[in-house]
Each structure stands twice: as C-alpha cells, then as structure tokens.
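Hello,

Here is the structure we talked about handing over. Please open it and keep it beside this email.

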Amino acid sequence: MKRFAPLVVAVCLSAISAYAQQKTVTICAVNNGPMIELKKLSAKFEAKNPDIKLNWVIVEENVLRQKVTLDVTQHGGLYDLVYVGLYDTPIFAKQGNLLPFDNLPAEYDVEDVFKSIRDGLSYDGKLYALPFYGESSMLMYRKDLLEAKGLTMPDQPKYEDIEKIAAAVTDKSKGIFGITLRGLPGWGENMAYLDTLVNTFGGTWFDEQWHPTIETPEWKSAIGFYIDLMKKYGPPGATSNGFNQNLTLMQTGRAAMWIDATVAGGMLEDPKQSKVVGKIGYAQAPIEATPNGSHWLWSWAIGMPKSAKQPEAAQKFAAWATSKEYIALVAADVGWGQVPPGTRKSTFDSPDYQKAAPFAATTLRAMQTADPTNPCIKKVPYTGVQFVGIPEFQGLGDQVGQIIAGALSGKTTVDQALKDSQAAAQRTMVQGGYLK
C-alpha cells in the first residue's frame, strides 16, 4: 500500500487546491421548467469544472426583472449571470452595463443560432447575451373537446373563431374553462399577451411623434374583447394567473384554449407533468384586423453584468448552458420534446426533435414570421412586438398592466382604465424627454 501513497496524496492535494481556488458564479434566473432542468443538469458542468461552483437565485418573472434591473444598472455585483431578453439586453448593452460574449469557442457554432435571436441580443454588432431558449406565441387547444362539439380549429384562427369555440366548449359545471389568458399584471406578464392583442386589433402604443395612443377605439376594442372573453369563459381569479398558473390549468385539463409562449408545448407534452399529452393541437396565434404583431418574439438569454465578479467562469458556464452539448444532455435526460427550443437550427433539423415535438412546425413558423421591426399596421417609432424598445417601457408597462388588471377584476371600467393608462403614458413621455 505504501507504494501508492504518493499518488493518493497528490490526488487529494489537487482536489484540495481546486476547492481552495473555487470560483462562485451566482446566477439570477427565471422560475420555469426549462430553468429547473438546467439547475439539475448543471451538476454535470460542476463535475467537469471543479474550480467553479454555481449559486442559484431562482425567482418569478416579475421579481426577476426587478432584481436584474437594479443589480445591472446600479453595478451591484450580486450576480455574475442574469436572465435577460430581447427587450432589456440591447438597452443594458447601450448603457454599458453588460459585458459582450467575445471569445466563444468554435464548437459553440454561433451561426447555428437563429439570426433573429442573435440580432435581438446584440448591440453595435456584438452579442451581449446567449440564448437559453427562444419562443414566439401560439394557440394551444384541446383537440378532443373541439371534436366532441364537431368543431375544427383553423390553422390561422381569427379572434371571432376563438370566441365561438370558447362559448361552445366551456363547461363550468365540470370545471372546464373555454380559455385561459394571462391576467397577472406586469409588462412581461399580462401586457406581453395584451400587446399582441392590441397590435392585431390595429392599435399602437405611440404615434410617430411619440404621442400616446392608448385612449383610442383600437385599444378599447381589444381590451374590451379580452375582458368580456375572460369574464364569460375564463377561470376566476385571473389577475393572479401568469404563465405558470395558466400552464397548470392546461396541464390538468381545466382549460380548453390558451394563447401563450410556444415553449409551453414541451411542458404540455411531458407525461411526467401533464394529463393532456396527445390531446393538444397547435395553431398560429389568432389575428383580427392585421397579422402584424399578432405573435411575439422572445428569448430568455444569459447575460453578464459589467459588475460580475467572475466573468471568465461565468462566460464558460453560459456557453455550456446554451450549447448543442447541453441540448443533447436534456434530450438524454428527459427526452427530445423537452429540450430548450427556438434557438438553434440544428434542433429543428433533428428528426428526433421533429418526432417528439408536435408543436415544432408551429413554433418555427411563428418565430420566422414575428417581426419586431414592423409590429403594427400603422407606422411607429419603436421596435418590439410585445414591448416598446425604450428604457421607460418597463415601468410604464408595469403600470398599465396594473390598471388593466383592475378592469379585469371589475374595480374599474375599460374606458377609465384606458384614460388612466393614456395619462400614465403621457407623463412617462414628458418625463423621458420624448415630448415637451
């Protein structure tokens, strides 16, 4: 045994040395299924990189945005990696608050990432966030409930189709609601969906001179339709329902239709968490007056604050978590239908993914046709489908989201909600220097 002692000692000393030099990478991330899977599989990254320890802060979407904005803009240094998207990444980058991903390894294959996602996460020709998954929005519906009523869903439904189908399949005595939609207030919660609704009804946030255009017939028609639809055919307490709550309603068979993020497809087809596997149909998001802006484009992506304490280790993990290698790990762990979608061409080209993901074709079509540079039927001075690409929108969107949630809950009327929202937008534009 003595002859092996030096080797044992050397191994132990090496392990002790790696532990002593260990760098902690703190990650602030959104609470959803793909993110939880990443946290689980990240143990494999730590095993390969014993000098790096990952510290996770996982919170709900609205809380995430607050924490990230505060830390990034104030250079707080709490996080080495933060979850950001197509709205905040170019804004933070322009302000000098994010570090670019300049030295990605060749095997990362940046060209494999969809150009629209790369462009949305870039500023001045540099990539400032790596996409964990990409998405658009689509309509998910219960094929069996429609068939029982002799109904078929058009591949490109209109909102009048949605209303007719919701009326036909709602059966509140059995706990089945015709439709569920986001009601939880927040620019990235209820307003993400409502922006697409307003867009397709022909509305805009601002005219070409940045005058607010909320108190208009288009907004009134859109928001009035939404509230009427939800009151008649939606679940109670809808102002508490964001993405996760509506996902649960669909997975448990309590909702017949849902318009939301395409990433939900994998979760609805997962037998470990869904009771409606194989019963869901997928169609393009509904339209009304125009297809412009009827479905969004988004990516949850991983950015590095300028104040990150461990930038090299952070970049190494971010590249691993958004790589082809990671997608293959998820496929091996939970199946191809659950891999992070919407970022890489190679994923959609995979026969295994096409076979396991009945939502893949709908997702790809939605992402390819979403155009943040042309979100409205009228000309507007901003980009972004489910957001307005200016720093002030985060606060304004949250405020308007609260006001419209008040109308959904019956605390105020649609007319008053739009009047109050218009006034809020006017104040924001004046304070921001867009208007005098």
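How many bridges join strand S7 (residues 129-142) to S10? Seven, and the two strands run antiparallel.

First, the ground rules. This is a predicted model, where local features need pLDDT of at least 70, side-chain atom pairs count only at pLDDT 80 or more, and totals for chains, interfaces and linings use all residues. Residues are numbered from 1 along each chain as its sequence is written, and side-chain values use heavy atoms, leaving out hydrogens and water.

Now the strands. Strands are DSSP runs (E, at least two residues), numbered from the N terminus. Two of them pair if DSSP finds at least two bridges between them. Leu-99 partners Met-304.

Is S10 buried or exposed? Nine of its nine residues (297-305) are buried, so the rest of the structure largely encloses it. Buried means under 20% relative accessible area, with a 1.4 Å probe and protein chains only. Both faces are covered: Trp-298 and Trp-300 are among the buried residues on one side, Leu-297 and Ser-299 among those on the other.

Last, look at Ser-294. It sits in the loop between strand S9 (280-284) and S10. Ser-294 counts as buried because its relative accessibility is 4%. Beyond its neighbours within four places in sequence, Ser-294 is in contact (heavy atoms within 4.5 Å) with residues including Ser-137 and Thr-196.

Best wishes

Technical notes. Buried < 20%, exposed > 50% of the residue type's maximum accessible area, 1.4 Å probe, protein only. Helix = DSSP H or I, 4+ residues; strand = E, 2+ residues; numbered from the N terminus.
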